[in-house]
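Subject: Structure handover and what was found in it

Dear colleague,

I am handing over the structure we spoke about, and below it you will find my notes on what the coordinates show. Please read them with the structure open beside you.

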Amino acid sequence: MAVIDTPVKTPASGSGRAPARAPRARRGSRLWVRALVALLLVVEIYPLVWMFLTSLKSNDDYLNHSTWSLPTTWQWANYTEAWTTGHIGLYVQNSLLAVVPALALMLLLGTAAGFALQIMVWKGRSLTLLVFLAGMMVPPQMILLPLFTVYFQTGLSGTLWPLVLTYTGTGLPLTVFMMATYYRTVPRELFEAATIDGAGILRAFWTISVPLVRNALLTVGLVQFFFIWNDLLIALTFTNDQDLRTVQVGLLNFTGDFGATQYGPLFAAICINVFGTLLIYLFLNQKVMKGLTSGAVKG
């Protein structure tokens with residue numbers, strides 16, 4: 001018994017100090033992690049808070065007081081002025097009219113192409129996928145002048161159709177690549193069973209494949225939405241009419257209208273744009289995470 005008790009007591013006496021040190025090390029590491037998270041929160045949230053407070057300042061507050069000071073009077077009318085006088089409501093409407101159809105076409109064509117490239121078996125599908133991938137390497141700046149000439153000669157200038165078609169064409173390669181990647185995770189046995197039951201290609205696509213990749217559709221759609229919504233170059237090239245300006249082009253010209261004298265309405269318009277898209281992301285955040293993880297696991 002003495003032989004057994006001796007080794008038991010020795011580690012016990014030594015282990016009495018180890019747990020005292022381990023929690024101390026863990027507490028120190030947790031403190032550093034919390035400090036880092038707090039710093040990141042300040043870096044991310046403080047500019048949003050500052051922008052919102054600036055949008056409620058009067059012109060006198062912005063010019064004669066410190067940049068970091070609070071508004072002396074809360075000018076909620078800046079948002080009304082930005083929406084009406086600054087025409088930010090019209091710019092938001094134009095952006096929606098250009099983004100929503102382009103996004104719908106992009107997702108429809110990209111999902112169908114991804115289904116055809118991964119699920120269907122036909123000669124040359126690997127080469128076709130490489131062609132789509134090659135489209136991702138073409139800079140949009142290289143195609144703006146030829147597209148502008150084509151749209152002008154076909155009579156599409158002066159409408160929102162150049163934006164819809166250009167957004168669809170430039171976003172389609174990435175959409176096809178991402179949807180083809182997600183289709184690799186779909187079990188082929190489902191489509192084999194559907195074929196045995198007499199389902200055709202269209203029925204298998206709509207009733208089986210689309211519900212299986214709905215989270216991926218939401219993820220790709222949200223990523224492409226932010227790309228298109230924040231676009232300035234394409235919208236600035238093809239919108240030659242003030243009534244057709246999108247949000248980003250409108251904000252660019254907003255500076256010319258109010259930037260020299262009225263900063264409150266300018267920051268109010270920026271807040272409408274930024275917080276609107278931020279709310280969309282926060283609302284769909286969980287769906288996006290599910291879509292990202294669903295394409296990372298095989299089977």
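This is a predicted model: local features need pLDDT of at least 70, side-chain atom pairs count only at pLDDT 80 or more; totals for chains, interfaces and linings use all residues.

Does Ser 95 count as buried or exposed? At a relative accessibility of 3%, Ser 95 counts as buried, because buried here means under 20%.

**Overall make-up**

The protein chain has 299 residues, of which buried residues make up 35%, and it contains 15 helices and zero strands.

Ser 95 lies in helix H5, and a polar atom of its side chain is 2.8 Å from the backbone nitrogen of Val 247. Apart from residues up to four places away in sequence, Ser 95 touches Trp 229, Thr 246 and Val 247.

Asn 94 is also found in helix H5, and with a relative accessible area of 4% Asn 94 is buried. The side chain of Asn 94 has a polar atom 2.8 Å from the backbone oxygen of Asp 243. When neighbours within four places in sequence are left aside, the contacts of Asn 94 are Leu 160, Asp 243, Leu 244, Arg 245 and Thr 246.

As general background, nonpolar side chains in soluble globular proteins tend to be buried together. In this model the largest nonpolar core has 61 residues, and the members that touch the most other members are Ile 88, Leu 163, Tyr 167, Met 179, Tyr 183, Phe 191 and Val 213. Helix H5, which covers residues 88-118, gives the most to this core, with 12 residues.

Leu 163, once its neighbours within four places in sequence are left aside, is in contact with Ala 98, Ile 234, Ala 235, Phe 238, Thr 239 and Thr 246. Tyr 167 is found in helix H8 and counts as buried at 4% relative accessibility. Not counting residues up to four places away in sequence, Tyr 167 touches Ala 98, Ala 102, Met 106, Ile 228, Asp 231, Ile 234 and Ala 235. One of these partners, Asp 231, is joined to Tyr 167 by a polar contact of 2.7 Å between the side chains. Another, Ala 98, is 69 residues from Tyr 167 in sequence, with the two C-alpha atoms 8.5 Å apart in space.

**Helix packing**

Helix H7 (residues 140-153) and helix H8 (residues 161-183) pack at an angle of about 140°, and their axes are 11 Å apart. Angles over 145 degrees would count as roughly antiparallel, and H7 and H8 are therefore oblique to each other, with a crossing that is right-handed. The residues that meet are Ile 143, Leu 147 and Tyr 151 in H7 and Pro 162, Leu 165, Thr 166 and Thr 170 in H8.

For H4 and helix H14 (residues 263-283), the packing angle is about 75° and the axes are 8 Å apart, which makes H4 roughly perpendicular to H14. On the H4 side the residues in contact are Asn 78, Tyr 79, Glu 81, Ala 82 and Trp 83, and these meet Gly 264, Pro 265, Ala 268, Ala 269, Cys 271 and Ile 272 in H14.

**Two loop positions**

Ser 69 is found in the loop between helix H3 (59-64) and helix H4 (77-84), and with a relative accessible area of 23% Ser 69 is partly exposed. The side chain of Ser 69 reaches the backbone oxygen of Ser 66 at 2.7 Å, while the C-alpha atoms of Ser 69 and Leu 53, which are 16 residues apart along the chain, are separated by 9.0 Å.

Arg 184 is found in the loop between H8 and helix H9 (188-196), and Arg 184 is likewise partly exposed, at a relative accessible area of 38%. Arg 184 and Ile 119 are 65 residues apart in sequence, and from C-alpha to C-alpha they are 8.1 Å apart in space.

With best regards

Conventions
Residues are numbered from 1 along each chain as its sequence is written. Side-chain values use heavy atoms; hydrogens and water are left out. A nonpolar core is a set of buried Ala, Val, Leu, Ile, Met, Phe, Trp, Tyr and Cys residues joined through side-chain atoms within 4.5 Å. Buried means under 20% relative accessible area, exposed over 50%, partly exposed in between (1.4 Å probe, protein chains only). Helices (H or I, at least four residues) and strands (E, at least two) are DSSP runs, numbered from the N terminus. Contact means heavy atoms within 4.5 Å. A polar contact is a pair of N or O atoms within 3.5 Å; within protein, one must be able to donate a hydrogen and the other to accept it, and residues adjacent in sequence count only if both atoms are side-chain atoms. Axes are lines fitted to C-alpha atoms, for helices over the stretch in contact, and angles run from 0 to 180 degrees between N-to-C directions. Angles under 35 degrees count as roughly parallel, over 145 as roughly antiparallel, 65 to 115 as roughly perpendicular and the rest as oblique. A crossing is left-handed if the near helix is turned anticlockwise from the far one by less than a right angle, and right-handed if clockwise.
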